[in-house]
Amino acid sequence: MKTIIEPFRIKSVEPLRRTTPEERERLLEQAGYNLFLLRARDILLDLLTDSGTSAMSTEQWAALMRGDESYAGSDSFYRLKETVQDLTGFRHIIPAHQGRAAERILFAITCHPGAIVPNNSHFDTTRANIEYRGAKAVDLPIAADTQSRLPFKGNLDIEALERLIESEGALNIPLIMITVTNNSGGGQPVSMANIAQVREIASRHGIPLYLDACRFAENAWFIKQRESEYKDWTPKQIAQKMFSLADGCTFSAKKDAFANIGGLLCTNDDRLAEQEKDLLTLTEGFPTYGGLAGRDLDAMAVGLEEVLQPDYLEYRIASTAYLGRHIADHGVPIVEPPGGHAIYIDAGRMLPHIPRHQFPGQSLAVELYRHASIRSVEIGSVMFGENARHELLRLAIPRRVYTQSHIDYLVEAILEVNERRDGLRGFEIVSEPKYLRHFKATFRPV
Ligand code: F0G
């Protein structure tokens, strides 16, 4: 059989609520045209993020009951530690309540004002946590326009990295990061060869290499499909090899661990780990729970095993590609080829009449909600200001949540909006906070 099916059946359902176009118009106005400020109950398909929105499995729900809620030294922690060490090989496994908590602790200790952290592409919280320390977050993606169909478009530009180390000096670079898959860069994978090259450069200059490993399993599946040496490896073996090339990682369990909350900070550096655990105790919690309940640690441990199952990864990546192909083949410009967790519409290209400073991605996000009660997120000048490379709209697919007919509805809505794209208007910002402005900014149509 050629049809790839959802490798699960549904045992508990959550009703979706319909709204009328008039209601949505009013809700948009009330929210200052910022979709983060809508209530989730007013949304039919919520593609704002794939983070913390996964459906947990029966095994994960069962694991919650096993959660050991001891303050110190719980069995839940040791079950998680064993799973993560088997997968990553890292010596120190530090739980945190989510990815950005791990980032904050890592950068608070390693970054001084003026330091520079290169990455293939920093995500918003990563960049903000580095900048908050007075350090500089530098993106070094390989140069590629949104339309080129490279197999590993998430790769880090090796020559640019060498030039950066040369000009800034290795001592000013506390660590190099690689984000797998490259979220801000279109959900595109990074090849094992690229990780190995960065490893070699990092070792040569004595700089630690960290993975921002949120979507490590999706990246491993792309390596299996696209890097011929690994075609007979299991996703787990590939993931193990990816981690073996790094000195540590930050991880948001809200993505590739199917958890609704949770994160990890891992390292092989004993001295750093002690400092990290001290800071963790100060702000997150004791090092065997890190701001989480024991049951959350168990849900993560089970999720980390499930996410590497080939049936799941095959369905996951095929489902995202199905959405991408069905809109791109009808003329909607997307970041090609389709990524792992999301499809990114190139709103700058779709709406050439809306200039960057009037936020074409935001305009498209608002219109998709107005038209079909779909929530997506702008990844462009609203989110990244001057650092934005493209004006994108991200349609992130929560894991194991929506069925193929939901995706078909989405395709239909996007194609209808595309028909009347010439009528869409730009936006201007009415108010914005200093950091991470996309979460709270308000807008008005121009
Ligand atoms: N790194 C990357 C690449 C991410 O995509 C995210 C979160 C984080 C770090 C932070 O993790 O949310 O657990 O604190 N990305 C979500 C998104 C929010 O929608 O892409 P967190």
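The model is a predicted one, in which local features need pLDDT of at least 70 and side-chain atom pairs count only at pLDDT 80 or more, while totals for chains, interfaces and linings use all residues. Residues are numbered from 1 along each chain as its sequence is written, and side-chain values use heavy atoms, with hydrogens and water left out.

The domain assignment divides the protein into domain 1 (21-50 + 309-445) and domain 2 (58-306); such bounds come from an automatic or database assignment. Taken over C-alpha atoms, the centres of domain 1 and domain 2 are 26 Å apart. Their contact (heavy atoms within 4.5 Å) draws on 35 residues of domain 1 and 37 residues of domain 2. Between them the domains bury about 3100 Å², with 57% of it on carbon and sulfur atoms; buried area here is the accessible area (1.4 Å probe) that two parts lose on being put together, summed over both.

Six salt bridges run between domain 1 and domain 2, a salt bridge being a side-chain nitrogen of Lys or Arg within 4 Å of a carboxyl oxygen of Asp or Glu. There are also 20 residue pairs in polar contact between the domains, both residues at pLDDT 80 or more. A polar contact is a pair of N or O atoms within 3.5 Å; within protein, one must be able to donate a hydrogen and the other to accept it, and residues adjacent in sequence count only if both atoms are side-chain atoms.

On the side of domain 1 that touches domain 2, at least two residues each come from α12 (310-328), β9 (342-346), α15 (381-384), β12 (392-396) and α17 (437-440). Helices (H or I, at least four residues) and strands (E, at least two) are DSSP runs, numbered from the N terminus. The most is given by α12, with seven residues. By class, this side of domain 1 holds 17 nonpolar, seven polar and 11 charged residues; Ala, Val, Leu, Ile, Met, Phe, Trp, Tyr, Cys and Pro count as nonpolar, Asp, Glu, Lys and Arg as charged, and the others, Gly among them, as polar.

Over the whole structure, 28 salt bridges are found. Arg 399 forms one with Asp 50 (2.9 Å, N to O). Asp 50 sits in the loop between β1 (45-46) and α2 (58-66) and Arg 399 in the loop between β12 and α16 (404-419), so this pair ties together parts 349 residues apart in sequence. The side chain of Arg 399 also meets that of Asp 256 in a salt bridge (3.1 Å, N to O).

Turning to the backbone, most residues other than glycine have a negative phi, and most peptide bonds are trans. Val 180 and Thr 181 are joined by a cis peptide bond with omega of about -20°, and Thr 181 is placed in the loop between β5 (176-179) and α7 (192-205). The bond from Glu 336 to Pro 337 is likewise cis, with omega near -20°; Pro 337 belongs to the loop between α12 and β9. Tyr 33, not a glycine, has a positive phi of about 55° and lies in the loop between α1 and β1.

Finally, helix α1 (residues 21-30) packs with helix α14 (residues 360-372) at an angle of about 145°, their axes 8 Å apart. Axes are lines fitted to C-alpha atoms, for helices over the stretch in contact, and angles run from 0 to 180 degrees between N-to-C directions.
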